[in-house]
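Biologist: Could you take me through one part of this structure closely? I'd like to look at the ligand and what surrounds it.

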Amino acid sequence: MNTHIPEDYTPRADLLAGRTILVTGAGDGIGRAVSSAFAAHGATVILLGRTTPKLEAVYDEIVSAGGPQPAIYPMDLEGATPDDHRQLAENIASQLGRLDGLLHNAGLLGSLAPIAHYDPVEWLRVVQVNLNAPFLLTQSCLPLLERAPEASIVFTSSGVGRRGRAYWGAYGASKFGVEGLMQILADELEENSAVRVNSLNPGRVRTAMRAAAYPAENPASLLTPAEIVTPYLYLMGPDSVGVHGRALDAQ
Ligand SMILES: NC(=O)c1ccc[n+]([C@@H]2O[C@H](COP(=O)([O-])OP(=O)(O)OC[C@H]3O[C@@H](n4cnc5c(N)ncnc54)[C@H](OP(=O)(O)O)[C@@H]3O)[C@@H](O)[C@H]2O)c1
């Protein structure tokens, strides 16, 4: 069953104080707004993405707003090897000493095309970024997350990852895979771990990806990334302890 966060939830100012959170795709769209919101609520944010100037812009935004100094981690999730993911976890352990949260936000839309004509090479690229990278990153970061008192992993889903829709191809299939990965991991961690794992569907949000998928849509009809950060704060902070294995909706 899909669920929402508590209706009148208001995150307190220091909700994430002392926590270190890794956000993928932190340079643009939802990842950018959520990274800034995490920092505004006290978190040290590791900004991971493939375009360094975009990450630097988010870094500057956080620092000039008076947030804890973030870290920038340029990494292309399409080409990253298992060794790159292991190295990332080692760097976090040696330089920051802890990891309390992992937000799998980076995503690649790919083409909207019928399965009969979907470009196989593009299929592999999209699945690599949207599903294989979250698996590799989760696996490498899990030992660090296990050491945190109440760590949270959030996978980013989509409406088309919960109900199949024509032409959504590799994107839709990869989001179904993300839901499956979340459920399998949640079941594995149910009994013997304090790490909680959930998926979140942001809903329709005014970003470059949304505009690419729906070019005729009026962007003014959509919520901005900054308007949907509250469910992300809820899932990363202590108020969601006990929420585990759920497929949540941000809107
Ligand atoms: N917007 C919506 O309406 C909507 C609806 C449902 C689900 N979602 C999901 O929400 C998440 C964020 O989407 P968004 O709308 O904010 O999209 P966006 O504006 O296109 O941002 C996606 C981010 O992912 C990064 N990224 C893409 N490929 C990458 C790679 N190979 N390595 C590292 N980073 C990579 C991008 O980096 P660059 O900036 O360098 O390109 C960008 O920062 C995605 O998982 C998406 O599927 C969005």
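Biologist: To begin, in which pocket does the ligand sit?

Modeller: Happy to! Keep in mind that this is a predicted model. The ligand sits in the largest pocket, and the shell around the ligand has 30 residues. Of these, T51, K54, N105, Y171 and T207 come nearest.

The side chain of T207 has an N or O atom 2.5 Å from an oxygen atom of the ligand. As for cover, on its own the ligand has 890 Å² of accessible area, and the protein covers 93% of that.

What kinds of residues make up the shell? By class, 12 are polar, 10 are nonpolar and 8 are charged. Three helices, α1 (29-40), α5 (169-189) and α6 (208-213), each supply at least two residues of this shell. Among them, α6 gives the most, with 3 residues.

While you have the structure open, here is one more feature to look at, this time among the aromatic rings. The structure holds 4 aromatic pairs. One of them is formed by Y9 and Y234 in an edge-to-face arrangement, with 5.0 Å from centre to centre and 70 degrees between the planes. Y9 lies in the loop between β1 (2-4) and β2 (20-24), while Y234 is in helix α7 (residues 230-236), so this pair ties together parts that are 225 residues apart in sequence.

Note on methods
Residues numbered from 1 in each chain as written. Predicted model: local features only at pLDDT ≥ 70, side-chain atom pairs only at ≥ 80, totals over all residues. Heavy atoms only, no water. Near = heavy atom within 4 Å. Polar contact = N/O pair within 3.5 Å; in protein donor to acceptor, adjacent residues only side chain to side chain. Areas by Shrake-Rupley, 256 points an atom, 1.4 Å probe, with all protein chains shown as cover. 1 Å grid on protein atoms, 1.4 Å probe; cavity = no way out; pocket = protein on both sides within 12 Å on 5 of 7 lines; lining within 4 Å. Sits in = over half its atoms within 2 Å of the grid points. Helix = DSSP H or I, 4+ residues; strand = E, 2+ residues; numbered from the N terminus. Nonpolar A, V, L, I, M, F, W, Y, C, P; charged D, E, K, R; others polar. Phe/Tyr/Trp six-rings, centres within 6.5 Å; stacked < 30°, edge-to-face > 60°.
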